[in-house]
Amino acid sequence: MTGLPPVTAPVLAEALDALPARLRRKVDDAVVRAGGWPVTGTAGGVTVRVDEATTVTLVAVDGVVRRAADARCSCLLAPNCLHRMAVLALAPVDDGVPVGDTPPVDDAALVDDAAPPPAADRPVDPAAATGPPTGVTGDAVADGAGSPPAPTGRQRAAADGLWRVGVAVLAAGTVGCGVVLRTALLRAVHEARANGLHRAAASGTRVAAGLRAAREGEPQHRLADLTDDLRELLSVSRRLRGDTPAGDPGALLGTARRTYDPQAGLRLYGLCTVPVVADSGYAGVVTYLADRTGRLWTVADLAPGDVGRAAGAGDATVAVGESGLSHRQLTRAGLVVSGGTASESGQLGAGKAVRAARAAGVGWADEPLAGLWAQPLPEQVRRAFGAVALPLPERSAGADLLFVTVRVLGGHEHTVLVGTDDGVVLTLTVADEHAALPHRANLRLLGQAVGARLRLVGRLDPTRRATVQALAVAPVDSDGPGLTLPPSWAGHADLGYDRLHVSQLRAGDGAVAAAPDRLPDAAVPRPRLGDPALGLLRRQVERVVSGGRAIQALADPTERTLRLARLDLGAHLLAAMGSAARARPRDAFGRLTDDDGQAFAESWLAVAVYEEAASRASAEASWLP
């Protein structure tokens, strides 16, 4: 069902609370049926036709359903009916960001929950932001002098609510998380956000979005991403619920807004443009630019939307001054900015006092952009791994990007193998799996350009061995095997927007290469796989998120494999998780009683944190000689 206005989490929770217990068990089935009900737009909202005699009307204020009374059904059981609840459950959940505001992004463009930048030119103190903290960029440390105060009693209570719902989600798994449990999570997220738990609320929002994507079988659902988000939710909420939180309170609480400081005149050169589709419902585009010193900056256009918005956002006008450039034009041009503002991480603001004029761009082989590829690869790898370990607002723009000159070795399934001048073999993967974006088709074509030397802009994948998400490429040699790009592309292709064609493949004699559908397996080196033992441990962690506690209780023990790989701590933690999954307390009469699941959740969290740290260390080691 499409065309429904977003609803707030309290409206969804109130509608669910109004249902009798006998109807709550039928909500998920009702939601499936509601997917085929026709939707008609009205002046103040929408009308959903259930049957000849029944309609559900949603009244939107400023495009959002903000009160439970604004959702009405014409059936005899209204308002406590399944029709009303099913329609509300299908509607997107509003996160409170005013329409038209652009959330700031981190340099990796992972904008799962970002707050809008200040509308004016003056800096904004995050602690003074009184509006609803409509999502965050993650682990932010509040600005200002001195250490942030410890969490208050209300904040600890809100964190405890998030923790308990997260425990329930883990116990049920994606197979058991329906509308009721997802609504409970959204209610806890709303309470956490209202009490200033911005980092925990952000991760909770991502988990809720992931559960919905898994339930509805959406193609962009990734169990690995949901696993990481649930680990973050449980880790942060568990530390915040105690009387003395472990870790920096400011980093655990997060911040709702970033500070935008005035900047001196900037001369910027376009580097590349990347589409963004976030699990929280944001979509758009991020353009990377470099100044004369080679420092990277970003300008973003992000708003609530789906992959369709991301696909079209590249042609949207850049919201910095009145240059009139689109993002796809800016990536091949330059910009002179005066009176500008920017966050500490390098994201440009769009205040009214900003003045920007179009200027000439430069190619990747010219300064100052050429200096990005002159950096030794080991230094870039250390910088990128250091960046991904930092909280998002503390990362500099582009800190996790790699600038490498490579030679294409061949394609293998959905990846491309390339070699650096130092003899390192890298695996290139797609940056986004959505079919509406050309990432996958472009990467498949690059795999056929065997022997081509390319300059590559990619994002480090910290969880896989020597793996880079390809963002943009440029041919190095004008002769020999390679790519021939149109003059309008100014020497490089943004793989998320520019569609490569087989006619652009060039053979060694300058003719168009006849690319085979599939290269012989013997001619293509295999991707470097990760540690098999760590991969096994990761599957155990993800299996719990998918199947819940019951699946782990029935799992075969695999600690021996981990001990043979000298992962003794991992084997011990996995054994403890299995024991916690099977443990069932009994009352004085020997009857089974249900525990609260917290012991199992803590054991799973220990395994998940260990696996994440070990996999990152293994991935970083794979880059070293």
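Author: We may begin with a salt bridge, in which the side chains of Arg238 and Glu602 meet at 3.6 Å, N to O. A salt bridge here is a side-chain nitrogen of Lys or Arg within 4 Å of a carboxyl oxygen of Asp or Glu. Arg238 lies in helix H8 and Glu602 in helix H19, so the pair ties together parts that are 364 residues apart in sequence.

Reader: Where do the helix and strand labels come from?
Author: Helices (H or I, at least four residues) and strands (E, at least two) are DSSP runs, numbered from the N terminus. This is a predicted model, in which local features need pLDDT of at least 70, side-chain atom pairs count only at pLDDT 80 or more, and totals for chains, interfaces and linings use all residues. Residues are numbered from 1 along each chain as its sequence is written, and side-chain values use heavy atoms, with hydrogens and water left out.

Reader: Is Arg238 buried, exposed or partly exposed?
Author: Arg238 counts as partly exposed, at 38% relative accessibility. Glu602 is also partly exposed, at 33%. Buried means under 20% relative accessible area, exposed over 50%, and partly exposed in between (1.4 Å probe, protein chains only).

Reader: How many salt bridges does the structure hold?
Author: The structure holds 24 salt bridges. One of them joins Asp400 and Arg459, with the closest N and O atoms 3.7 Å apart. Asp400 is in the loop between helix H13 (377-388) and strand E12 (401-412), and Arg459 is in strand E15 (residues 453-460), so this pair ties together parts 59 residues apart in sequence. Asp400 is buried, with a relative accessible area of 2%, and Arg459 is buried as well, at 8%.

Reader: Which residues of H15 are buried?
Author: In H15, the buried residues are Ala533, Leu534, Leu536, Leu537, Arg538, Gln540, Val541, Glu542, Val544 and Val545. The buried residues of H15 pack against several helices, including H5 (153-176), H8 (223-240) and H19 (598-621). Packing rests on contacts, meaning heavy atoms within 4.5 Å.

Reader: What span should H15 have, and why?
Author: The expected span of a helix is 1.5 Å times one less than its number of residues. Helix H15 (residues 532-547) has 16 residues and should therefore span 22 Å; its end C-alpha atoms are 22 Å apart, which agrees. Just after H15, Gly548 takes a positive phi of about 85°.

Reader: Turning to strands, in what order do the five strands of the open sheet lie?
Author: The order is E8-E7-E6-E9-E11, and the pairing is antiparallel. Strands E8 (296-304) and E11 (355-359) are the edge strands, since each pairs on one side only. Two strands pair if DSSP finds at least two bridges between them. Within this sheet, E6 (residues 266-277) and E9 (residues 334-338) pair over four bridges, and Tyr269 stands opposite Gly334 in E9.

Reader: What do E1 and E2 form?
Author: E1 and E2 form a hairpin with three residues between them. Strand E1 (residues 39-41) runs antiparallel to strand E2 (residues 45-49), and three bridges join them. The bridge partner of Gly41 in E2 is Val46.

Reader: Finally, how many helices and strands does the protein have?
Author: The protein has 19 helices and 19 strands. Buried residues make up 53% of its 625 residues.
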